[in-house]
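Welcome! Take a moment to look over the model below, and then let us walk through it together.

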Amino acid sequence: SGILLAAAATTGCVVLLYYSRYGLELHAAGSQPELLHRRGIPLRRIQSIALLLSGAAAGLAGALLVLRIEAYAPGMSAGRGWIALAAVFLGFENPFGLVAGALLFGFIDATASTMQIYSAIPKSLLIAMPYAITLIAFILSSAIHQKRQCARGRIQV
């Protein structure tokens, strides 16, 4: 059910960001703010709405994290924000790529947690596994991105 919810939320975000007037204005606010100014669209309003939506999404994520274990503990996110940021970049800022990256890292995290129970591998290594794989994925992604840029003639090595 979580994967279906992620698919539905991603599809909704894609429609909002790429096929709605607000999404086009939001893209313009980030890349061409002077265009919004010329069209008489208040830049601050677009930025404020984006900030409110992102804050609501972050709050929902935090609430879901707390509700999952039915308690709050300091440091409970344990660096998962860094992994979430990695999923954004590894998805090449594509919503479906982001979901694929999040599912991959979620699978790795769940596998590491399960292996702590059933494996003789030291727990400290298993706890570090998602972060190590994230670092390796960053390195591979950077190499692929640079190779693509070189192939397009944008970067010379």
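Which residues in helix 5 and helix 7 meet each other? This is a predicted model, and in it Arg80, Trp82, Ile83, Ala86, Phe89 and Leu90 in helix 5 meet Pro130, Tyr131, Thr134, Leu135, Ala137, Phe138 and Ser141 in helix 7. Sorted by class, this contact of helix 5 with helix 7 has 10 nonpolar, 2 polar and 1 charged residues.

How are the two helices placed? Helix 5 covers residues 80–90 and helix 7 covers residues 123–151. They pack at an angle of about 25°, and their axes lie 10 Å apart. Angles under 35 degrees count as roughly parallel, and helix 5 and helix 7 are therefore roughly parallel to each other. The crossing in which helix 5 passes helix 7 is left-handed.

Now for the whole chain. Its secondary structure comes to 7 helices and 0 strands, giving the pattern α-α-α-α-α-α-α along the sequence. The chain is more spread out than a compact globule, because its radius of gyration of 19 Å is well over the 15 Å that the globule rule gives for 157 residues. Along its principal axes, the C-alpha trace spans about 65 × 50 × 30 Å.

| Item in the chain | Value |
|---|---|
| Buried residues, out of the 157 residues | 18% |
| Contacts between residues 24 or more positions apart, out of contacts with a separation of 6 or more | 43% |

Terms used: Residues numbered from 1 in each chain as written. Predicted model: local features only at pLDDT ≥ 70, side-chain atom pairs only at ≥ 80, totals over all residues. Heavy atoms only, no water. Axes fitted to C-alpha atoms, helices over the stretch in contact; angles between N-to-C directions. Helix = DSSP H or I, 4+ residues; strand = E, 2+ residues; numbered from the N terminus. Parallel < 35°, antiparallel > 145°, perpendicular 65-115°, else oblique. Left-handed = near helix turned anticlockwise from the far one by under 90°. Contact = heavy atoms within 4.5 Å. Nonpolar A, V, L, I, M, F, W, Y, C, P; charged D, E, K, R; others polar. Rg over C-alpha atoms; globule rule 2.2 N^0.38 Å. Buried < 20%, exposed > 50% of the residue type's maximum accessible area, 1.4 Å probe, protein only.
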